[in-house]
Amino acid sequence: MARKAADAAISATKQALIEMARKHGRDIRLVHPAHTTMDCGHCGARTKHVLPLSERTYTCTTCGAVSPRDKNSARVMLIRAGLNPAGVDRVRPDRPPGSQAA
């Protein structure tokens with residue numbers, strides 16, 4: 001029963017997010033979260049083992065890339081969404097001249 005309630009809450013939140021993005025003219029891309037902590041954000045290789053939650057650093061066995069687990073997962077999601085992850089760290093998008101923050 002609790003699982004059904006949690007699934008319904010996630011679905012309602014996702015629908016609200018999509019509606020708000022449309023209302024405000026924003027681009028939204030839904031990404032399936034499966035294997036984001038197992039895939040390498042640099043070469044795309046998938047590890048053969050699941051990282052335990054206590055392990056906070058991702059190390060790729062194929063290319064040797066080392067990064068924090070959450071940053072690697074975020075990079076994988078950006079790539080899956082079709083976005084370029086280069087330069088998105090602590091960067092705000094440029095606003096058109098004359099526009100103000102709400």
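This is a predicted model: local features need pLDDT of at least 70, side-chain atom pairs count only at pLDDT 80 or more; totals for chains, interfaces and linings use all residues.
**Notebook: salt bridges, cysteines and the first helix**

I started at Arg46, which is partly exposed, with a relative accessible area of 46%. My cut-offs: buried is under 20% relative accessible area, exposed is over 50%, and partly exposed is in between, with a 1.4 Å probe and protein chains only.

Residues are numbered from 1 along each chain as its sequence is written, and side-chain values use heavy atoms, with hydrogens and water left out.

**Asp39 and its partners**

I looked for what Arg46 pairs with and found a salt bridge to Asp39, with the closest N and O atoms 2.7 Å apart. I call it a salt bridge when a side-chain nitrogen of Lys or Arg is within 4 Å of a carboxyl oxygen of Asp or Glu. Asp39 sits in the loop between H1 and strand E1 (57-59). Helices (H or I, at least four residues) and strands (E, at least two) are DSSP runs, numbered from the N terminus. Is Asp39 buried or exposed? It comes out at 8% relative accessibility, so I put it down as buried. I then listed contacts (heavy atoms within 4.5 Å). Beyond its neighbours within four places in sequence, Asp39 touches Ala45, Arg46, Tyr58, Asn72, Val76 and Arg80.

**Other salt bridges**

My count for the structure is five salt bridges. Another one pairs Arg56 with Asp70, the closest N and O atoms being 3.0 Å apart. That pair links distant parts of the chain: Arg56 is in the loop between H1 and E1, Asp70 is in helix H2 (residues 69-80), and they are 14 residues apart. I also noted that Asp39, Arg46 and Arg80 are joined into one network by salt bridges that share partners. Arg56 is partly exposed, at 42% relative accessibility.

**Helix H1**

I checked the length of H1 (residues 2-23): at 1.5 Å a residue, its 22 residues should span 32 Å, and the end C-alpha atoms are 31 Å apart, which agrees. The expected span is 1.5 Å times one less than the number of residues. Arg3 is exposed at 65%, whereas Asp7 is partly exposed at 41%. Just after H1, Gly25 has a positive phi of about 70°.

**Cysteines**

Cys40 is buried at 3% relative accessibility, while Cys43 is partly exposed at 41%.

**Last look: the loop**

His35 lies in the loop between H1 and E1 and has a phi near 65°, a positive value in a residue other than glycine. Most residues other than glycine have a negative phi. His35 is partly exposed at 38% relative accessibility. Leu30 lies in the loop between H1 and E1 and is exposed at 53%.
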